[in-house]
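Thanks for coming. I will go through one structure and point out a few contacts, giving the cut-offs as I go.

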Amino acid sequence: MTTFESSIRQIQFPQQKVYDMLSNLENIERVKNRIPEDKIKDLTFDNDSISISVPPAGSVKLRIVDRDEPKCIKFETESSPVPFNLWIQILPVTETSSKMKLTIKAELNPFIKGMVQKPLQQGIEKIADVLQAINYE
């Protein structure tokens with residue numbers, strides 16, 4: 001199992017507000033205009049799943065498999081060129097701020113690992129950038 005982690009991100013909103021927004025994927029509607037269209041295509045989502053096309057990797061569909069309110073949301077792939085799990089961890093810092101870290105765990109053979117290691121690390125940081133920039137009010 002190979003693990004990729006984002007840097008820890010400071011969020012200027014309380015833990016519960018961040019969790020409430022991210023644990024219901026229908027809230028993506030409020031922030032999808034921040035996602036670069038040249039990076040992600042065919043974005044569809046409902047309360048528990050999200051499906052995107054990421055050129056050149058292909059289509060990825062993630063489903064929430066566990067919600068540990070208010071500190072963690074766990075996803076796993078339903079379809080993906082590389083199967084993986086994703087965790088979003090949210091911890092309180094103060095009553096009005098929190099911190100967040102994303103983790104991806106994937107079963108990668110050495111050949112595939114060499115090809116996808118850099119794009120996966122860059123991708124997890126870009127996802128963290130977008131999640132850090134959201135207004136969680």
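**Contacts along the chain**

At 28% relative accessibility, Arg63 counts as partly exposed; buried means under 20% relative accessible area, exposed over 50%, and partly exposed in between, with a 1.4 Å probe and protein chains only. Before I go on, this is a predicted model, where local features need pLDDT of at least 70, side-chain atom pairs count only at pLDDT 80 or more, and totals for chains, interfaces and linings use all residues. Residues are numbered from 1 along each chain as its sequence is written, and side-chain values use heavy atoms, with hydrogens and water left out.

Back to Arg63. Its side chain meets that of Glu78 in a salt bridge, 2.5 Å from N to O. The term means a side-chain nitrogen of Lys or Arg within 4 Å of a carboxyl oxygen of Asp or Glu. This pair links distant parts of the chain, with Glu78 in strand β6 and Arg63 in strand β5, 15 residues apart. Strands (E, at least two residues) and helices (H or I, at least four) are DSSP runs, numbered from the N terminus. Glu78 is also partly exposed, at 45%.

How many salt bridges does a search of the whole structure find? It finds eight. Another one of them joins Lys101 and Glu5, at 3.4 Å from N to O. Lys101 lies in β8 (98-106) and Glu5 in β1 (2-5), so this pair ties together parts that are 96 residues apart in sequence.

Next, the strands. β3 (41-45) and β4 (49-54) run antiparallel and are joined by three bridges; two strands pair if DSSP finds at least two bridges between them. They form a hairpin with three residues between them, and Phe45 has Ile50 as its bridge partner in β4. β4 also pairs with β5, again antiparallel, over six bridges. There, Ile52 stands opposite Val60.

Pro70 is found in the loop between β5 (58-68) and β6 (72-79), and the peptide bond from Glu69 to Pro70 is cis, with omega near -5°. Most peptide bonds are trans.

Last, the rings. The whole structure has one aromatic pair: Phe13 and Tyr136, edge-to-face, 5.7 Å centre to centre with 65° between the planes. Rings of Phe, Tyr and Trp (its six-membered ring) pair if their centres lie within 6.5 Å; planes under 30 degrees apart count as stacked, over 60 as edge-to-face and the rest as tilted. Phe13 is buried at 15%, and Tyr136 is buried at 3%.
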